[in-house]
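Student: I want to learn how to read salt bridges in a structure. Where do we begin?

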Amino acid sequence: MKIIKLKYLDHQDTGSLVFFESLKDIPFEIKRIYSIQGAKKGTHRGKHAHKNLKQFLFCPYGKIQVLLDDGYKKTEIILDHPQKGLLIETMIWRELVWLEDHSVLCVAASDYYDAEDYIRDYEEFKQTRKIR
Ligand code: T46
């Protein structure tokens, strides 16, 4: 897990611009981008790990709690500023909680969608972590 502070250009009258570039600001080639919007405060998502996928998360609007677990240690990150990005490496269990209505989650992923890459059972995750 790594927090990456994104570049930010603030224009007082026309808003602010945040950006990042593949292989420059984040350490992988981006193959997929997705976003989650319209979720209410208290929404829980995630509850899985990825075998090979790396992801970069940021929250351009609102506040989202990200709970990370490497099988040994648990960490909590709050995404509450557009400049604050979170890099999640492979084999990290994650859970996300929406702390404000309509918070937006944006994700850049290192690979195309693959349902087989998910581990959605926590005990299976712990076991796989031990042997890796
Ligand atoms: C993650 C967290 C942060 C697709 O068909 N293509 C996609 O690119 C994605 C991301 C999802 N889907 C389908 C798979 C499920 O049928 O959309 C449905 C909902 O996905 P999921 O339950 O995995 O949603 P989240 O919010 O729990 O997890 C997502 C990502 O899947 C996951 O990789 O790390 O956001």
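**Reading the salt bridges**

Tutor: Start with one pair. Lys-31 forms a salt bridge with Asp-111, and their closest N and O atoms are 3.9 Å apart. Keep in mind that this is a predicted model.

Student: Where do Lys-31 and Asp-111 lie?

Tutor: Lys-31 is in the loop between strand 3 and strand 4, while Asp-111 is in the loop between strand 11 (104–109) and strand 12 (118–119), so the pair ties together parts 80 residues apart in sequence.

Student: What is the general idea behind such a pair?

Tutor: Side chains of opposite charge can pair when their charged atoms come close. Here, the cut-off is 4 Å between nitrogen and oxygen.

Student: How many salt bridges does the structure hold?

Tutor: It holds 3. Another joins Asp-25 to Lys-7, with the closest N and O atoms 3.0 Å apart. Asp-25 sits in the loop between strand 3 (15–19) and strand 4 (32–36), and Lys-7 in strand 2 (residues 7–11), so this bridge links parts 18 residues apart in sequence.

Student: Which residue pairs with Lys-24?

Tutor: Glu-21 does. The closest N and O atoms of that pair are 3.7 Å apart.

Student: Is Lys-24 buried or exposed?

Tutor: Check the relative accessibility. Over 50% counts as exposed. Lys-24 has 65%, so it is exposed.

Student: How do Lys-31 and Asp-111 count?

Tutor: Lys-31 is partly exposed at 39%. Asp-111 is partly exposed at 34%. Lys-7, at 38%, is also partly exposed.

Technical notes: Residues numbered from 1 in each chain as written. Predicted model: local features only at pLDDT ≥ 70, side-chain atom pairs only at ≥ 80, totals over all residues. Heavy atoms only, no water. Salt bridge = Lys/Arg side-chain N within 4 Å of Asp/Glu carboxyl O. Helix = DSSP H or I, 4+ residues; strand = E, 2+ residues; numbered from the N terminus. Buried < 20%, exposed > 50% of the residue type's maximum accessible area, 1.4 Å probe, protein only.
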